[in-house]
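I opened this notebook to record what I looked up in one protein structure. The entries follow the order in which I consulted it.

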Amino acid sequence: MPARPLRRTTDDPFALLFCRARLPPNRAAVPLLIDIGKRLPKTRPNSWSNASVELRLDDRRRLPPLNAVRAFEAAARRGGFQAAGAELNVSANAVGRLVKVLEDWLGVALFRRLPRGVVVTEAGRGYLDHVGILLDQLADATADLQRRKTSEVLTISAGPSFIERWLVPRLGRLTERYPDLEVRMLASSQLTDFGREEVDVAIRHGRGVYDELRSDLLVQQDFYPVCSPTLLSCGPRLQVPDDLAQHVLLHEECNLLDRLDWAGWLTAIGADGIDAQRGLRFSFSHMTLQVAAAGQGVALASSAFIADDLMTGRLVRPFGKLSVLGSHGFYIVSPNATADREKSAAFRDWALEEAADEP
């Protein structure tokens with residue numbers, strides 16, 4: 001006759017263990033185990049045996065409803081349900097209902113309800129002291145986790161034109177070389193504040209001297225006119241700089257330090273008799289180059305932004321190798337403390353190799 005299955009009762013913890021594990025019972029061992037289980041609570045406090053009894057399979061943290069705790073903390077800290085509702089973006093009635101849920105769960109009144117508001121009870125004030133610390137710790141732990149996730153991504157800050165004209169055309173080679181590297185690009189014309197912004201590497205235009213920052217020269221700028229092949233072949237004569245008087249000049253109105261403009265370029269090469277202020281104006285280099293490629297005028301290009309267009313023949317240099325060297329360049333910049341991190345060093349090495357390969 002088959003043995004009857006062990007009965008699941010709260011009085012027989014070891015019999016329950018056998019049942020859950022679906023082990024064949026030992027009829028002699030079961031009563032002995034049950035007897036041991038009944039004797040364990042009688043052992044002296046803090047003994048190993050007593051601790052073993054407390055570690056039951058069904059043990060779980062008895063946590064109150066966390067939404068209710070959050071509502072209580074906000075109401076106690078802000079001094080009322082209305083202010084807490086504004087902070088949590090819910091109604092005051094919703095906060096009140098959540099607080100009542102928590103009070104019922106705890107069996108303790110946390111607020112005294114008055115005709116014109118609520119007042120925290122003594123028990124509520126004591127609970128707030130502990131709960132506030134725990135919520136702060138939870139917020140800090142969450143922020144740390146998010147920072148660790150962000151740290152797996154390489155964040156690069158650069159001007160819009162530099163991203164579009166230099167980084168984007170080469171991005172495929174970067175990801176091919178480092179397939180596990182996640183790249184995030186931030187287009188900004190403002191200087192990067194590494195202390196406040198989540199940025200690993202910035203591309204800065206300047207002289208490369210920055211306090212507490214490592215900087216590596218990426219591109220030294222030359223400036224020269226460019227236009228579309230169609231304009232060069234079908235438009236007014238454009239063989240020497242004086243011919244620019246017959247063409248529309250395309251201007252970039254950016255805030256880069258000491259960026260050479262048409263007036264400075266013409267002065268540097270000794271050309272005169274040309275109104276350097278006339279023409280069309282745009283916010284960024286990539287816009288002037290786009291208009292130039294459409295045959296709408298002549299742009300003064302930086303060597304940092306033009307290599308691909310010259311290689312494909314989309315734009316040409318009407319005056320050959322005539323150029324003016326700028327006093328500033330583009331630098332790879334990162335804080336000294338983080339400059340040698342693997343992801344920052346990988347990007348820096350790759351970018352410098354890319355720049356070195358350019359004609």
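**Entry 1. The whole protein**

I noted at the outset that the model is predicted. I then looked up the secondary structure and found 13 helices and ten strands. The protein has 359 residues, of which 38% are buried. I also looked up the contacts between residues with a separation of 6 or more, and 73% of these join residues 24 or more positions apart.

**Entry 2. H5 and H6**

I turned to a pair of helices in contact. The axes of H5 and H6 cross at roughly 105 degrees and come within 8 Å. H5 is therefore roughly perpendicular to H6, since angles of 65 to 115 degrees are classed in this way. From H5, the residues Phe81, Gln82, Ala84 and Gly85 meet Ala92, Val95, Gly96 and Val99 of H6. I sorted the residues of this contact by type and recorded five nonpolar, three polar and no charged.

**Entry 3. Serine 91**

I next examined the loop between helix H5 (81-88) and helix H6 (92-106), where serine 91 lies. Is serine 91 buried, partly exposed or exposed? Its relative accessible area is 39%, so serine 91 is partly exposed, the class between 20% and 50%. The side chain of serine 91 reaches the backbone nitrogen of alanine 94 at 3.1 Å. I also looked up the separation of serine 91 from phenylalanine 81: they are ten residues apart in sequence, and their C-alpha atoms are 8.3 Å apart in space.

**Entry 4. H8 and H11**

Helix H8 (residues 160-177) packs against helix H11 (residues 285-293) at an angle of about 55 degrees, and their axes are 8 Å apart. This angle makes H8 oblique to H11. H8 contributes Pro160, Ser161, Glu164 and Arg165 to the contact, while H11 contributes Ser285, His286 and Leu289. By type, the residues of this contact comprise two nonpolar, three polar and two charged.

**Entry 5. H12**

I asked which residues of helix H12 (residues 303-312) are buried. They are Ser303, Ala304, Phe305, Ile306 and Asp309. After H12 comes glycine 313, and I recorded its phi as positive, near 80 degrees.

**Entry 6. H13**

I then checked the length of helix H13 (residues 342-356). H13 has 15 residues and reaches 21 Å from its first C-alpha to its last, which is close to the 21 Å expected at 1.5 Å a residue. I listed the buried residues of H13 as Lys343, Ser344, Ala345, Ala346, Phe347, Arg348, Trp350, Ala351, Glu354 and Ala355.

**Entry 7. Aspartate 243**

My last entry concerns a residue in the loop between helix H9 (229-234) and strand E7 (249-252), namely aspartate 243. Why does aspartate 243 count as buried? Its relative accessibility is 11%, and the cut-off for buried is under 20%, so aspartate 243 falls in that class. The side chain of aspartate 243 reaches the backbone nitrogen of glutamine 239 at 2.8 Å. Leaving aside residues up to four places away in sequence, I found that aspartate 243 touches Arg237 and Leu238.

Methods. Residues numbered from 1 in each chain as written. Predicted model: local features only at pLDDT ≥ 70, side-chain atom pairs only at ≥ 80, totals over all residues. Heavy atoms only, no water. Helix = DSSP H or I, 4+ residues; strand = E, 2+ residues; numbered from the N terminus. Buried < 20%, exposed > 50% of the residue type's maximum accessible area, 1.4 Å probe, protein only. Polar contact = N/O pair within 3.5 Å; in protein donor to acceptor, adjacent residues only side chain to side chain. Expected span 1.5 Å × (residues − 1). Axes fitted to C-alpha atoms, helices over the stretch in contact; angles between N-to-C directions. Parallel < 35°, antiparallel > 145°, perpendicular 65-115°, else oblique. Contact = heavy atoms within 4.5 Å. Nonpolar A, V, L, I, M, F, W, Y, C, P; charged D, E, K, R; others polar.
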